[in-house]
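Reader: I am new to this structure. Please show it to me, and let me ask about the terms.

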Amino acid sequence: MRRPSRKTASPPRSAIAESSPPPRAESGETGLARYILPSSGTMIGICTTLVGLVKFLESQSGPSHVDEYGSLIAVCFLSSAVLSYLAIRMASARPRVSRRCERVADVFFLVGLVSVVGIGVLFAFEAV
């Protein structure tokens, strides 16, 4: 014998959409910049650690250019952090400039990420 299925009443789609609006930044459209800023700070710390570790290892294995590349990547992440900070600060006063800063910060961040991975691969294969 088959049991009748219970259907629970679900709210209509329009009610769901109204009850949970998409997350927005407090001032303007700087959602991406709010993620780039803390991530860039973290990546600056990782690059600084990389430079310190490579300096330590150079005394045992000989000179390499990884520390120089790591410091250049840290400057790339610093640029990303500064631009994302400016994008957040200028969101209400100058939204067009804020969006431009956010886009450029995103590009710097992605270039920095690709560079860190590239240096890691080259360092792993002892190419640099």
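Reader: What share of the 128 residues counts as buried, and what makes a residue buried?

Author: Buried means under 20% relative accessible area, with exposed over 50% and partly exposed in between (1.4 Å probe, protein chains only). By that cut-off, 24% of the 128 residues are buried. This is a predicted model: local features need pLDDT of at least 70, side-chain atom pairs count only at pLDDT 80 or more, and totals for chains, interfaces and linings use all residues. Residues are numbered from 1 along each chain as its sequence is written, and side-chain values use heavy atoms, leaving out hydrogens and water.

Reader: How many helices and strands does the protein have?

Author: Four helices and zero strands. Helices (H or I, at least four residues) and strands (E, at least two) are DSSP runs, numbered from the N terminus.

Reader: Which residues of H4 are buried, and what covers them?

Author: Among them are Ser98, Glu102, Phe109 and Ile119. Their cover includes H2 and H3.

Reader: What makes a nonpolar core?

Author: It is a set of buried Ala, Val, Leu, Ile, Met, Phe, Trp, Tyr and Cys residues joined through side-chain atoms within 4.5 Å. The largest one here has 16 residues; Cys47, Ile73, Phe77 and Phe109 touch the most other members. Helices H2, H3 and H4 each give two or more residues. H3 gives the most, seven.

Methods. Contact means heavy atoms within 4.5 Å.
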